[in-house]
Amino acid sequence: GKTLLGVWQGWEAKPAGRRNTFSTMLFRDGEKCADGIGTKGHKRLADIQVRCGVEEKIVDAIENVCHYSMILETPAACSLKQSKELKGSL
């Protein structure tokens, strides 16, 4: 079956010098966790860190009691410099 890990909430802003960076997608208010695992009333949530990569794929995922953390690689997250370096390494 399917499980709703969360609903899109936006980007997490992290300070980086004079400006913020937005590289983690936040999903909250997913399906309710099972009551038998000490999470009565808690809903699932997911944080997805986006980074530069050759193709779109999840390269890491962990769960800590209904909190899912993932790393997504995608060309869409690459700067022009990173894109040129990736193209040169292929």
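Predicted model: local features only at pLDDT ≥ 70, side-chain atom pairs only at ≥ 80, totals over all residues.
User: Ok, and which residue forms a salt bridge with Arg28?

Analyst: Arg28 forms a salt bridge with Asp47, and the closest N and O atoms of the two are 2.8 Å apart. This pair links distant parts of the chain, since Asp47 lies in strand β3 and Arg28 in strand β2, 19 residues apart.

User: What about Asp47, buried or exposed?

Analyst: Asp47 has a relative accessibility of 16%, which is under the 20% cut-off, and therefore Asp47 counts as buried.

User: Which side chain is joined to Asp47 by a polar contact?

Analyst: The side chain of His67 is joined to that of Asp47 by a polar contact of 2.6 Å. If neighbours within four places in sequence are left aside, the residues in contact with Asp47 include Thr24, Met25, Leu26, Tyr68 and Ser69, as well as Arg28 and His67.

User: Going back to salt bridges, how many are there?

Analyst: The count comes to 4 salt bridges. Among them is the pair of Glu12 and Lys14, with the closest N and O atoms 3.8 Å apart, and another is formed by the side chains of Lys57 and Glu55, at 3.8 Å from N to O.

User: Why would such side chains pair?

Analyst: In general, side chains of opposite charge can pair when their charged atoms come close.

User: And how accessible are Glu12 and Lys14?

Analyst: Glu12 counts as partly exposed at 30% relative accessibility, and Lys14 also counts as partly exposed, at 40%. As for the other pair, Lys57 is partly exposed with a relative accessible area of 38%, and Glu55 is partly exposed with 47%.

User: Changing topic, what is the order of the strands in the sheet?

Analyst: The sheet is an open one of 5 strands, arranged in the order β1-β2-β3-β5-β4 with mixed pairing. Strands β1 and β4 (57-63) stand at the edges and each has a single partner strand, so one side of each is left without a neighbour in the sheet. On average, and with direction ignored, neighbouring strands of this sheet are turned by 25° against each other.

User: How many bridges join β1 to β2?

Analyst: There are 9 bridges joining β1, which covers residues 7-16, to β2, and the two strands run antiparallel. They form a hairpin with 2 residues between them, and in the turn Gly17 has a positive phi of about 70°. Along this pairing, Pro15 stands opposite Asn20 in β2, while the bridge partner of Trp11 in β2 is Met25.

User: Where is Thr21 found, and which residues does Thr21 contact?

Analyst: Thr21 is found in strand β2, and, leaving aside neighbours within four places in sequence, Thr21 is in contact with Glu12, Ala13, Lys14 and Ala16. At 30% relative accessibility, Thr21 counts as partly exposed.

User: Last topic: which residues make up the largest nonpolar core?

Analyst: The largest nonpolar core has 8 residues, namely Met25, Phe27, Ala46, Ile48, Val50, Tyr68, Met70 and Leu72. Each of the strands β2 (19-28), β3 (45-52) and β5 (67-74) supplies at least two residues of this core.

User: What does Tyr68 contact, apart from its neighbours within four places in sequence?

Analyst: Tyr68 is then in contact with Leu5, Arg44, Leu45, Ala46, Asp47, Ile62 and Glu63.

Notes. Residues numbered from 1 in each chain as written. Heavy atoms only, no water. Core = buried A, V, L, I, M, F, W, Y, C linked by side-chain atoms within 4.5 Å. Buried < 20%, exposed > 50% of the residue type's maximum accessible area, 1.4 Å probe, protein only. Helix = DSSP H or I, 4+ residues; strand = E, 2+ residues; numbered from the N terminus. Contact = heavy atoms within 4.5 Å. Pairing = 2+ DSSP bridges. Axes fitted to C-alpha atoms, helices over the stretch in contact; angles between N-to-C directions. Polar contact = N/O pair within 3.5 Å; in protein donor to acceptor, adjacent residues only side chain to side chain.
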